[in-house]
Amino acid sequence: MNSIESRLRRLLGRAPQSYWDEKIAAKPGYWGERALAQLVFAQEMSKVNNGQYEPIIETALASLEARAAAEAVITEQAAHQVEQLLSPLAAEARSYTIHCAAHAHIDMNWMWSWDETVAVVLDTLCTMLNLMKEYPEFIYSQSQAAIYRIVEQFAPDMLHEIKQRIKEGRWEVTATHWVEADKNMPNGESMARHLLYAKNYLSQMLELDPNSLTIDFEPDTFGHSLHVPEILTAGGVRYYYHCRGHDEHILYRWQSPSGNSVIVYREPTWYNDSAQPMLASYIPDVCRRTGLKTYLNVYGVGDHGGGPTRRDLERFRDMQSWPVYPKIRFGTFADYFREAEEIRADLPVVTGELNGVFAGCYTSQSRIKLANRIGEAALNEAELFSAAAAAAADMRYPQVAYEEAWRNVLFNQFHDILPGSGVIATREHALGLFQQTLALANTNRKLALEQIAAMIDTSHLCKPALPDDKWTYSEGAGVGFGAERFKISQVERGFGNTRIVHIFNASAYEREEVAEIILWDWHCPNDAVSVRDSAGQAVVHQVLDQGFHTYWSHHYIRLLIWAKAPACGYSTYTVSEGAGSVKPFMPTDPRVDREEPFILENDLLRVALHPGEASIISLLHKPSGEQLIHPERPAGIFRLIQEDPAKGMTAWWVGRYMDMKHLHEGVKLKRAAWGDARQAFQYVMKFGRSALSVTVSLDCHSSKLDFHAECDWQEIGSEQQSIPQLNFHWPLAYQEEGYRYDVPFGTIVRSSSNMDVPGNSWIYGMRREKDKPAIMIVTDSKHGFRGCEQSLNVSLIRSSFDPDPYPELGDHHRFSMSVCVVDGGAAVSELIETAYRVNHPFNVLSGTLHTGTMPLAGSFMELVAGEAAISALKMPEAAAGKQWIVRAYDTEGRGSTVVVELFRPVKTAYAVDSLEQRLARENTVKVEGTRVAFPVPPFAVVAICIEFS
């Protein structure tokens, strides 16, 4: 150890540890702090200059040691003597600058309720405004559009003063996102909407140029997904500030696979710092690493707000006068990044995701995660069909309602809400916002579907009403039915023995699959039901549950049909009373006992369940003849894992697996649905104080095995015992070459790792033999995956115990997973489409008999060419006439020309950014009649505006 450093530590009265990374523990008094801070800074300057200043430092240190020994304290005179002896280093010291950027980190509803968040925001900002009156040099920065929305809602008079300070250049708006959001679990469209709604809102309310908002301020976000730089640059963001997820570079360029990049500052200390004499000790080494002689010092009490204090400002004022110390200035984050911009070309380039922190947050508080996934999906479909109804039927587009709904979704993506690291009040508020979100999304989605249905000519599908039909009571049955499963309500609009049903498909591709129809007050025999498509052809159907159910003085049956619907479009079916057949009565008593096979089978798959355990012991892919289950490794296993709680912060961290218990013991297994459309088994398993009911089903012509689970979860974690986790395990019968996961606006391949990693909704075991089938698991609400040891694993429920002691109790958990058999050489776009269909089942709407101008089946938009996925179809926020915004992202990494077929002629189309502003460059979007073609570069996200004729 350097002797000078040892002696400095003794003077500081501290144990031999890294003094430049910590606050002073023993307070030697003002003059002692002042003298020692300058000596330490001088020593750090010497270290980055090959030790050339050590003779000067040695002289000054010896003088201070002698005075301190003689006087038992470091006096003013002793400090001034040190400064005099160090004066040859003053010029070098003053070549450094401490750039002080004030901030108050305000967590949204972290350990407290919404009303407390409001109080924290208003109290903090009031303090900042008061300090500005007292300290004219003080400059303050504040992030998160939601904070300014709180001011507007609850203290609008404060806005006038904030706007004045903004105009003076003393208040910096560092918000480009609605909140400081999680960057792994929201989908790409959510990330784009953060930029859209935050920038639009702030620019209008605070009278700012939206293009001046260029910083994404994410000090506490728990990791950063692969395509964040691409998403940011599409929204006009050039700079990124963060703390977690990377520990190598401090100032660097983070480059996405598309080649777009942002300048990033990774906080080397912490984002809740205070003014302290020893902060200069960081500076020489940090500046050596960044290439700038300016050090960004982010200060202010945070997490629960508060911000900079009077002590901070007084200290900075005083430290500005110290002779052998860096210059100190108050400034903005933008000021610092402008300096960094000058050395952009020299900055190290970092690629890939910035992840690997707080893996428990991919699973904790599963209900909040379910709310996020459902909210994103509902808004995706609602916007699509509302835009279609506006363009096709002149329906008003409910832009205000959708913005409110999106704001709710975005607020809940805050990095302590969606990750599940909050308290009971956090969850309660999040789920309350979710209810409002679904009310807005599903109401407007259904209104749009009804408007489209009203334009469809159904007049020839059935006979006019008969006199006896006046006595019908089916119309209006089922009000609200389906809402508990987050669907549009399945209210009946028809009557009699012929019902009209419309099937709506939100995918950009035509699709065929099983859909469920609810028939209200249906009096025909079940075996006489006839289902026909719009061409009058009979389709496969199956009555579920073997009969009738009651619901608020009405009764219903559930009917499965094999349905087909065009891309972003609809089709029409009729359900009527068929001829049926009369069979002679025969006794049904058994004559011979035979072994009951536990087999699910269609034309693509043959699946065998173990008769005692209900595990999957065989999965035969019939077209290839490939067996996808290893004989010694059954699949479809639910496990109870006990995690080690020793690390603490159990909502954040997944503990070491101490024990894994296979739950498939004493299983009650029985046949459930069985017919031409679906085969299913149901089994129940009990463990601890909990019970899990699982229905595993296989639909006709389907290459996916569906697991629908309901869990009465009563497991409680504790510091003395463990963190219980429910887990799903699927061993692979083939050699994998990595695991692919979906991430915002793309996918990522990760190697085998025995720790949870994030995915938007799925994990895929990549197979070396590309000509053979492979396995992917798609979930409806889960984000924590583990691809390792030749297996796919999903973390389903975790009973962490802090900060919420009972995060998963008090609810009947429902979740679904689909084990999909896909081509080992399938394009990534096919995997993405497969997952989209799982998370976006058909919308079913009861229809009526009427004339109209639209055919029985039709498409509003179809993706006919290009290696891309469509993430949004909506109307612009400032729509004038019939316009659509379509956003797409490249899936294969090669780039392609995307071609979409529209339902009507297009007048013009052009590229826009995430703020829906027309891009000032050559228009590369080509229009030919009803087709629009536009380039999507490799790994890029592209949006276009389409104007119809």
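## Gln365 and its contacts

In this predicted model, the side chains of Gln365 and Arg427 are joined by a polar contact of 3.3 Å. A polar contact of 3.0 Å also links the side chain of Gln365 to that of Asp804. Gln365 lies in the loop between β10 (349–351) and α14 (366–393).

Gln365 has a relative accessible area of 2% and is therefore buried, the cut-off being under 20%. Leaving aside residues up to four places away in sequence, Gln365 touches Gly420, Gly422, Val423, Arg427, Asp804, Pro807 and Glu808.

## Backbone features

The peptide bond between Asp802 and Pro803 is cis, with omega at about 10 degrees. Pro803 is placed in the loop between β35 (791–798) and β36 (812–823).

Asn109, a residue other than glycine, has a positive phi near 55 degrees. Asn109 sits in the loop between β1 (97–103) and α6 (114–134), and is buried at a relative accessible area of 1%. Phe939, also not a glycine, has a positive phi near 60 degrees. The loop that holds Phe939 runs between β45 (931–936) and β46 (941–948). With a relative accessible area of 30%, Phe939 is partly exposed.

## Salt bridges between helices

Side chains of opposite charge can pair when their charged atoms come close. The whole structure contains 52 salt bridges. One of them joins the side chains of Lys47 and Glu5, at 3.2 Å from N to O. This pair connects distant parts of the chain, with Lys47 in helix α2 (residues 30–47) and Glu5 in helix α1 (residues 3–12), 42 residues apart. Lys47 is partly exposed, with a relative accessible area of 37%, whereas Glu5 is buried at 9% relative accessibility.

Arg34 and Glu83 form another salt bridge, in which the closest N and O atoms are 2.5 Å apart. Arg34 is buried at 8% relative accessibility, and Glu83 is buried with a relative accessible area of 8%.

## Further salt bridges

Glu513 and Arg511 meet through their side chains in a salt bridge of 2.9 Å, N to O. Glu513 counts as buried at 18% relative accessibility. Arg511 is buried, with a relative accessible area of 1%.

A network of salt bridges links Glu189, Arg193, Glu383 and Arg887.

Terms used
Residues are numbered from 1 along each chain as its sequence is written. This is a predicted model: local features need pLDDT of at least 70, side-chain atom pairs count only at pLDDT 80 or more; totals for chains, interfaces and linings use all residues. Side-chain values use heavy atoms; hydrogens and water are left out. Helices (H or I, at least four residues) and strands (E, at least two) are DSSP runs, numbered from the N terminus. Buried means under 20% relative accessible area, exposed over 50%, partly exposed in between (1.4 Å probe, protein chains only). A polar contact is a pair of N or O atoms within 3.5 Å; within protein, one must be able to donate a hydrogen and the other to accept it, and residues adjacent in sequence count only if both atoms are side-chain atoms. Contact means heavy atoms within 4.5 Å. A salt bridge is a side-chain nitrogen of Lys or Arg within 4 Å of a carboxyl oxygen of Asp or Glu.
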